[in-house]
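Subject: Structure for your review

Dear colleague,

Please find the structure below, together with its sequence. My notes on salt bridges and on one helix follow.

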Amino acid sequence: ELKAPGSFYLAWAFAGPEGRDVASFQIVANLWAMVGTCLVFGMMARARGLVAASVAGGVYVLQQPWLDSMDANYVIWANTFQVGAIAAVWRGPERQVSARVSDWVLAGVLAGAAALCKRQAGFVMFPLLWFAVAVGRRGDGRLKIWSPGVLGLVGGVALPFAAVVTHYAASGSAGAFLRGYAFNDWGWSYVAAGDGGAAVLVEGVMATTFFLALPLGLIGAAGGRLRGCARCCRRM
């Protein structure tokens, strides 16, 4: 199974000259996860107060350890990149987003980095595009499909991918990146080689819940304007 290459670049940067210092790599990864926790806490504190922020930060911390058998892997890296992408453009609870193109470019770079660490992390582009197109619409209510925010976001995503593709191409392996990342034929072969037992089914359900159902549910709840809950949090 060929994993997305982002974490291997990070291992090259933080796991020693040969990428084998796992202890140092995990220390940096856990510090990176703490950055994500701080971002979650800060955004929720701005939106709903310290009590809600403490709950959100606590949930974020508790969900990290059971992501995999290792205590710091590619999912940990992707999570903070995802949270950072949202934080780069979100400005408050009243559907406020940044008007600066540079913030949208930064959000795109972080979203691209997340997707390079974990393919499914590219899902963060959906709420970001929603922010850029619907939430950040003009005063007359028209949707800005090709707004500067959207263009900055797409351009930002392209930057880390362009850097990785350039590196692969310099070694004559651009095709390998396309096959490995976009199509991942090794991954499909890996799945097909399994016995299809109950353990595989359980793992598939857990992965689908975490990477698809949970984010969709959270986004739906956030967009539902649960004013009663918001008032309770503010009173607390």
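This is a predicted model, in which local features need pLDDT of at least 70 and side-chain atom pairs count only at pLDDT 80 or more, while totals for chains, interfaces and linings use all residues. Residues are numbered from 1 along each chain as its sequence is written, and side-chain values use heavy atoms, with hydrogens and water left out.

Salt bridges

A search of the whole structure finds three salt bridges, a salt bridge being a side-chain nitrogen of Lys or Arg within 4 Å of a carboxyl oxygen of Asp or Glu. As background, side chains of opposite charge can pair when their charged atoms come close.

Asp 103 pairs with Arg 91, the closest N and O atoms lying 2.9 Å apart. Helices (H or I, at least four residues) and strands (E, at least two) are DSSP runs, numbered from the N terminus. Asp 103 is buried, at 7% relative accessible area, whereas Arg 91 is partly exposed, at 31%.

Asp 103 also forms a salt bridge with Arg 100, at 3.1 Å from N to O; Arg 100 is exposed, with a value of 52%. Through shared partners, Arg 91, Arg 100 and Asp 103 are joined into one network.

Helix H2

Helix H2 (residues 22–48) contains 27 residues and spans 38 Å from its first C-alpha to its last, close to the expected 39 Å; the expected span is 1.5 Å times one less than the number of residues. Its buried residues include Phe 25, Ala 33, Val 40 and Met 43. Among the elements covering the buried residues of H2 are helices H1 (6–14), H3 (50–63) and H4 (74–89), as well as E1. Just after H2, Gly 49 adopts a positive phi of about 100 degrees.

Kind regards

Notes. Buried means under 20% relative accessible area, exposed over 50%, partly exposed in between (1.4 Å probe, protein chains only). Contact means heavy atoms within 4.5 Å.
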